[in-house]
Amino acid sequence: MVAKLTQGFWPKVARIILRNRILILLCVAAFTVFLSLQWKHMRFSNTEANILPDDHPATIQYNKFKSVFGEEGNAIVLGVRDSSLFTPSKFNRWNKLSKQLEAYPEIDYVISTDNLKVLLKDNEQQAFVMEPLIKETPKTKQEVDQITNHLFNELPFYDNIIYNSESGTIQTIAYLDKDIMNEPVRNEFILNDLTDLVKNFEEETNLDVRVSGMPYIRTWNAKSIVDEIGLFVGAALLITSIIFFFFFRSFRATFISMCVVIIGVMWALGILGLLQFEITILTALIPPLIIVIGIPNCIFLINKYQQEVKKHGNQALSLQRVISKIGNATLMTNITTASGFATFIILDSDLLKEFGIVASINILGIFILSLLIIPILYSFMPLPKTKHLKHLNKKWIDLFVNWMERMVRHHRIAVYITTVVVLILSIIGIYQIEITGSRIEDLPKNTHYFKDIQFFEEEFDGIMPMEIVVDTKQKNGASKPANLKRMDRLGEVIEEIPELSKPVSLVNLVKYSKQAFYNGIPKYYQLPTSQENTFIMDVARKSENDGDLLESFVDSTGQTARVTTFMRDVKIDRMEEIEGDIQQAIIKIFPSDRFNVFMTGKALLFLKGTKYLVKNLMISLALAIGLISLFMAYLFRSFRMIIISLVPNLLPLVITAGLMGYLGVPIKPSTILVFSIAFGISVDDTIHFLAKYRQELATHNWHIKRSVYAALRETGVSMFYTSIVLFFGFSVFIISSFGGTKALGGLVSATLLFAMLANLILLPSLLLSLERNIANKEVLKKPQIDILPKEEVGIKDK
């Protein structure tokens, strides 16, 4: 019943399209203008990718931390490692830079040598007071040396916060206003105001200023993503147009195809704006993806039109047949491709969900554009000339098709042996894959901000914050000597881990208080004894200026304290080891019945988020395979055919996974995406081949061999054309400066190449070898949907 309906549906669609050409073009133009007006709503990704769902324990703990201590990733750091900084003119200019920073409304406050406070004991008042490190602007080198010696040698509290005592590096920390952290104004400040400030300073002093911090990295990273969209679109258009022209040798066909995909790109950007989705590392890939996926549609439709013209020379009939005969097959293949992307929609990750929604919508959109624009534009043009049809008789294409047929006809045993050997080697390779990755691994390596990240990792042991929250379950419990000693023991464990920076907590402030109590002598920078603690706390209670310092380390009740450390860029497996070591120390030092202690921070969220994402992408891949299998079952109504059709599509995924193991490419979010995308695209060739095969069975009175060879010759060229376009189209992403995008492009290209060979050689071989088991007329003669009409329909090679 469904098959009969589809037989009558597409001729009607053809008549509607060709009878309403002007109206349809006007509608397409109007809709394109409407979507182009939505471009203004496209925006930077101001927030970090929300990978973990809101109800995930790690997210809940992080939000709990932020509710007590506020945003912890709002610091921008500026550092200089140059001994010439410690001359009066340059040192004073450095201090002026911090004043200029603090004057901006986007900056909450700044910590630098300019406003650094020294904790002192007022013997008369018996209280602690805060005095500035620099009381007067230094005018001589001796005065600067006096200040820096005091800082480096007598103020260990600021070690690894403001200075590195070993290298002499100085840094300024500017804290952004928390209200603008996820607003566009943050990007404007960092890209314009901050950049200009630093540039002016460098020009005046001839010093190299390094800048980093999570807001800074996120802003420049987002800018790099947006900048690459134009690069990808231009490269994809160039390479696909060159390949298209090489195949068709027709400026007209190339121009029409480029018009289709350019409008498709305009729609993609418009839908991003219409849905008000942010431009992320994934959504930035959609415009070039539309070009790469849209060109095969153009190849199928234009190839069919030229074949029909060559056959009978009737333009109206040719255009009608293009729509009625190829429309259904193209729709089915676009649905399977869209399904591969649509599986991301069910995941809890907003990053993947938005990518899946926009990609799947636009894949169907490019199909509609191809089906409407190509026949309509050709209807206004003269018939193709003989030279435009020469590509249908290329000798090298005949050689390729003959080679495929020869392999399938005479070398099936060799095909199976090769397949088994490759499969075994791939499985061995899979066992060598690691689920790993790091926070900055995929960032552009040649950018200034990546080099600055490495600088701060070397000087201050990382920029990715990790927090340990200690709830003592009693008011003012954090400042009790016993609890301070526990936090100090935990700090010692953290200091022993080379990938972590020295921890900063209430312990440091109490040690500093003891040093101040003993007139600033550095050797007293240690926790007070119980007896000393009584005196020091008495002095602290009389002090008025240490409240601001306490706010950074404990909550308002004095019950909950934080221990802050920073992590270097390490692989996820090492990050897990570090988490395990600290967790063991927490269990040992803080009894769970008396303390509630948990770890959080950006570093830990990245670890949890990556593992969560990889797990969900595995589910997405399984869902894509299941969904497309159901679709194939609906089309072919044969369990055997489903199994046979899945083999040549799953094998390339296994081969690619094996290659990843041998090449040392880890499983991470950017590489696991490959499998769902490649599977959704590669199964298109299988649908084309099996649909033609089933049609040939009816034509050749259920003679398996004749039907396989006829289907192979009929569909082989078009599959080769589209696979080459897809291979080079996805290869465009290799030019990306982002490691993840580069890996995505290379791996998808390789997988699609393997899939083409599997569908052209392994699939026909399986059909011939298993002919007795699959030649079931009752199963194959009544499909749910006729992908190809009963008349001659395929895309011929000659």
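## Overall picture

In this protein, 81% of the contacts between residues at least 6 apart in sequence join residues that are at least 24 apart. The model is a predicted one. Its secondary structure comprises 26 helices and twelve strands. Of the 798 residues in the protein, 59% are buried.

## Helix α9 against helix α10

Two packed helices are described by the angle between their axes and the distance between the axes. Helix α9 spans residues 286-312 and helix α10 spans residues 315-342; their axes come within 9 Å and cross at roughly 155 degrees. Because angles over 145 degrees count as roughly antiparallel, α9 is roughly antiparallel to α10. The crossing of these two helices, α9 and α10, is right-handed.

On the α9 side, the residues that make the contact include Leu289, Ile293, Asn297, Phe300, Leu301 and Tyr305. On the α10 side, they include Leu317, Leu319, Val322, Ile326, Asn334 and Phe341. Charged residues also take part, among them Lys304 and Glu308 of α9 and Arg321 and Lys325 of α10. By class, the residues of the contact of α9 with α10 divide into eleven nonpolar, seven polar and five charged.

## Helix α9 against helix α11

Helix α9 also packs with helix α11, which covers residues 350-379. The angle here is about 30 degrees, and the axes of α9 and α11 are 9 Å apart. The crossing of α9 and α11 is right-handed.

From α9, the contributing residues include Ile286, Ile290, Gly294, Cys298 and Ile302. From α11, they include Phe355, Val358, Ile363, Phe367, Leu371 and Tyr378. What classes of residue make up the contact of α9 with α11? There are 17 nonpolar and four polar residues, and no charged residues.

Strands of a sheet pair through backbone hydrogen bonds, either parallel or antiparallel. In this protein, three strands form an open sheet in the order β11-β10-β12, with antiparallel pairing. The edge strands are β11 (560-567) and β12 (596-600), each of which pairs on one side only. From one strand to the next, the twist averages 15 degrees.

Strand β10 (residues 464-471) pairs with β11 over eight bridges, in the antiparallel sense. Within this pairing, Pro465 stands opposite Phe566 in β11, and Val470 has Ala561 of β11 as its bridge partner. Strands β10 and β12 also run antiparallel and are joined by five bridges. Here Glu467 stands opposite Thr600 in β12.

## Burial of the strands

How many of the residues of β10 are buried? Eight of its eight residues are, and the strand is described as mostly covered. Strand β11 is likewise mostly covered, with seven of its eight residues buried.

In a regular strand the side chains alternate between the two faces of the sheet. Both faces of β10 are covered. On one side, Met464, Met466, Ile468 and Val470 are buried.

## Ser241 in helix α7

Ser241 lies in helix α7, which comprises residues 214-248. Is Ser241 buried or exposed? Its relative accessible area is 16%; because a residue under 20% counts as buried, Ser241 is buried.

Not counting residues up to four places away in sequence, Ser241 touches Thr254 and Met258. Ser241 and Phe251 are ten residues apart in sequence, and their C-alpha atoms are 9.5 Å apart in space.

## Asn160 in a loop

Asn160 is found in the loop between α5 (141-154) and β6 (163-164). Its relative accessibility is 17%, and Asn160 therefore counts as buried.

Which residues are in contact with Asn160, leaving aside its neighbours within four places in sequence? They are Gln171, Glu459, Phe460, Asp461, Ser501 and Lys502. Gln171 is eleven residues from Asn160 along the chain, and the C-alpha atoms of the two residues are separated by 9.3 Å.

Technical notes
Residues are numbered from 1 along each chain as its sequence is written. This is a predicted model: local features need pLDDT of at least 70, side-chain atom pairs count only at pLDDT 80 or more; totals for chains, interfaces and linings use all residues. Side-chain values use heavy atoms; hydrogens and water are left out. Axes are lines fitted to C-alpha atoms, for helices over the stretch in contact, and angles run from 0 to 180 degrees between N-to-C directions. Helices (H or I, at least four residues) and strands (E, at least two) are DSSP runs, numbered from the N terminus. Angles under 35 degrees count as roughly parallel, over 145 as roughly antiparallel, 65 to 115 as roughly perpendicular and the rest as oblique. A crossing is left-handed if the near helix is turned anticlockwise from the far one by less than a right angle, and right-handed if clockwise. Contact means heavy atoms within 4.5 Å. Two strands pair if DSSP finds at least two bridges between them. Buried means under 20% relative accessible area, exposed over 50%, partly exposed in between (1.4 Å probe, protein chains only).
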